[in-house]
Amino acid sequence: MFDFFRKKTSSKPKAAVFVDYEHWYYGYHNKVQMKPNIEEWLDELKQEFEVDKLYIFGDFSEPKIGTELEKLKELTDNVVHTASTKEGVDKDFTDIIILDTIYRSMAEKNDDSVYVLFTGDAHFTKVVEYLKEKNKKVVIYGVRFAFSNALKSVATSYVEMPRQEQERNHYNDLILVSLDRLRKKNAGRKPSYWKTIESVASYNHVPKNRVKVALDGMINQKYIEVISKKAGKDREYTHLLLEVNWEQLCADGLWEI
């Protein structure tokens with residue numbers, strides 16, 4: 001379970017990782033209508049760093065984010081539930097706990113040469129400056145549209161999440177799941193271009209314009225063909241229907257039957 005913490009000789013720089021899961025979860029939910037894939041992210045980190053410590057912070061008392069807690073506990077023993085019973089305590093309380101943990105980590109005089117932070121809050125600007133003064137490389141991940149420019153400016157390097165490819169794949173999956181559901185329910189019936197956009201957006205609570213961009217992308221890539229069909233008494237209406245090339249999607253690894 002904790003295989004990425006095994007002590008072994010590695011040429012990769014050692015990294016201490018601190019995740020503000022509230023920023024990640026709510027940023028994805030509110031900005032791009034996605035959920036974090038922390039396992040994929042950790043795999044990406046391990047390609048570049050030897051992950052020495054992993055801390056995950058958040059107030060998991062709300063039902064939606066609370067469902068993530070057990071999954072996170074499988075990744076590390078250092079999941080810090082920051083909920084407070086004190087009246088008037090808000091999101092800043094989580095930030096304070098994260099900052100305290102980072103400073104305590106530095107006080108231990110560890111040999112981690114890299115500090116990876118997943119947060120977008122400007123409150124972390126000073127601690128990043130401090131870490132760099134102590135000759136630490138600081139890599140910051142933050143949710144696009146919720147990432148402080150001041151924080152970006154002090155980082156050694158930063159990454160905005162989700163990457164465009166991740167977001168595109170997410171919307172492609174939503175569309176293909178919807179089209180597959182219709183295919184199984186009404187074999188032989190071709191879905192409508194506009195109804196597909198409306199259905200996917202409504203069912204998944206995502207913006208129609210993003211669904212349209214993703215659908216148009218798959219059409220341009222020839223995974224889906226648009227067929228024009230005349231309708232109406234005098235054939236005055238044109239319906240745009242979709243023909244999905246499931247075989248090609250499977251061949252290219254975008255779908256599994």
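This is a predicted model: local features need pLDDT of at least 70, side-chain atom pairs count only at pLDDT 80 or more; totals for chains, interfaces and linings use all residues.
In which loop is Lys109 found? Lys109 sits in the loop between α5 and β4, the strand of residues 114–118. Phi of Lys109 is near 55°, which is a positive value in a residue that is not glycine. Its relative accessibility is 74%. Lys109 therefore counts as exposed, since the cut-off is over 50%.

Step back to the whole chain for a moment. The chain holds 11 helices and 8 strands. It has 257 residues, and 43% of them count as buried. Take the contacts between residues at least 6 apart in sequence: 62% of these join residues at least 24 apart.

Now return to α5, the helix of residues 92–107. Ser105 has its place in this helix. Is Ser105 buried or exposed? Its relative accessible area is 3%. The limit for buried is under 20%, so Ser105 is buried. The side chain of Ser105 has a polar partner in the side chain of Tyr115, at 2.9 Å.

Ser148 is in the loop between β5 (137–143) and α7 (149–154). With a relative accessible area of 16%, Ser148 is buried too. A polar atom of the Ser148 side chain lies 3.2 Å from the backbone nitrogen of Ala150. Leaving out residues up to four places away in sequence, Ser148 touches Gly120, Asp121 and Ala122.

Which form does the peptide bond from Met161 to Pro162 take? This bond is cis, with omega near -5°.

Helix α8 runs over residues 164–185. How do α8 and α10 cross? Their axes come within 9 Å, at an angle of roughly 85°. Angles of 65 to 115 degrees count as roughly perpendicular, so α8 is roughly perpendicular to α10. On the α8 side, the contact is made by Glu167, Tyr171, Asn172, Ile175 and Leu176. On the α10 side, Arg210, Val211, Ala214, Leu215 and Met218 take part. By class, this contact has 7 nonpolar, 1 polar and 2 charged residues.

Ser192 lies in it, between α8 and α9. Ser192 has a relative accessible area of 22%, and is therefore partly exposed. The side chain of Ser192 has a polar atom 3.4 Å from the backbone nitrogen of Trp194. Which residues does Ser192 contact, leaving aside neighbours within four places in sequence? They are Leu240, Leu241 and Leu242. Glu243 is 51 residues from Ser192 along the chain, yet their C-alpha atoms are separated by 9.5 Å.

Helix α9 then takes up residues 193–204. Its own crossing with α10, residues 208–220, also brings the two axes within 9 Å, here at roughly 130°. The two helices are therefore oblique to each other. Their crossing is right-handed. From α9, the residues in contact are Tyr193, Trp194, Ile197, Glu198, Val200 and Ala201. From α10, they are Lys208, Val211, Lys212, Leu215, Asp216 and Ile219. This contact has 8 nonpolar, no polar and 4 charged residues. Val211 and Leu215 of α10 belong to the contact with α9, and to the contact with α8.

The loop between α9 and α10 remains. His205 is found there. Its phi is positive, about 55°, although His205 is not a glycine. Is His205 buried or exposed? The relative accessible area of His205 is 67%, so this residue is exposed.

Key. Residues are numbered from 1 along each chain as its sequence is written. Side-chain values use heavy atoms; hydrogens and water are left out. Axes are lines fitted to C-alpha atoms, for helices over the stretch in contact, and angles run from 0 to 180 degrees between N-to-C directions. Helices (H or I, at least four residues) and strands (E, at least two) are DSSP runs, numbered from the N terminus. Angles under 35 degrees count as roughly parallel, over 145 as roughly antiparallel, 65 to 115 as roughly perpendicular and the rest as oblique. A crossing is left-handed if the near helix is turned anticlockwise from the far one by less than a right angle, and right-handed if clockwise. Contact means heavy atoms within 4.5 Å. Ala, Val, Leu, Ile, Met, Phe, Trp, Tyr, Cys and Pro count as nonpolar, Asp, Glu, Lys and Arg as charged, and the others, Gly among them, as polar. Buried means under 20% relative accessible area, exposed over 50%, partly exposed in between (1.4 Å probe, protein chains only). A polar contact is a pair of N or O atoms within 3.5 Å; within protein, one must be able to donate a hydrogen and the other to accept it, and residues adjacent in sequence count only if both atoms are side-chain atoms.
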